[in-house]
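Please have the sequence and the model in view while reading.

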Amino acid sequence: MDNGIVLPTALAVILIIAGLWSLIVWPPYLIEAYKSPKARDEKGAPTRYLTVNLMKVSTSMVFGLVTIIVGFRALMG
C-alpha cells in the first residue's frame, strides 16, 4: 500500500512555484500595512485594518508553505 501523493511532475512544480509566490509576495505587503497610518489609532493601539491584514498575510503564507510541502511530496513520490 503506497501512501505517497501521485501527481504529474509538471503539476507538482506548479504547486511549488505557487507556494513560493505566496511566501515572496505577501511579506512586503504586510510591511506596508504596518507602515500605514491606518494601522494604529491615536493611542498607538493596532486597528482592525492591521489585524485583518496580519491575518490575511499569515493565512496566505501558511497556505503557501503547505502548497510547497505538497508539491515536494508529490515530486518525491
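Y29 is partly exposed, with a relative accessible area of 35%, where buried means under 20%, exposed over 50% and partly exposed in between, using a 1.4 Å probe and protein chains only. The model is predicted, so local features need pLDDT of at least 70 and side-chain atom pairs count only at pLDDT 80 or more, while totals for chains, interfaces and linings use all residues. Residues are numbered from 1 along each chain as its sequence is written, and side-chain values use heavy atoms, with hydrogens and water left out.

A search of the whole structure finds one aromatic pair. The ring centres of W26 and Y29 lie 5.3 Å apart with the planes at 85 degrees, so the pair is edge-to-face; rings of Phe, Tyr and Trp (its six-membered ring) pair if their centres lie within 6.5 Å, with planes under 30 degrees apart counted as stacked, over 60 as edge-to-face and the rest as tilted. W26 and Y29 are three residues apart in helix α1, and therefore separated by about one helical turn.

One salt bridge is counted (a side-chain nitrogen of Lys or Arg within 4 Å of a carboxyl oxygen of Asp or Glu). It joins the side chains of E32 and K35, at 3.9 Å from N to O.

S36 lies in the loop between α1 (9–35) and α2 (48–76), helices being DSSP runs of H or I with at least four residues, numbered from the N terminus.

| Residue | Relative accessible area | Class |
|---|---|---|
| W26 | 22% | partly exposed |
| K35 | 60% | exposed |
| S36 | 14% | buried |

How values were computed:
Helices (H or I, at least four residues) and strands (E, at least two) are DSSP runs, numbered from the N terminus.
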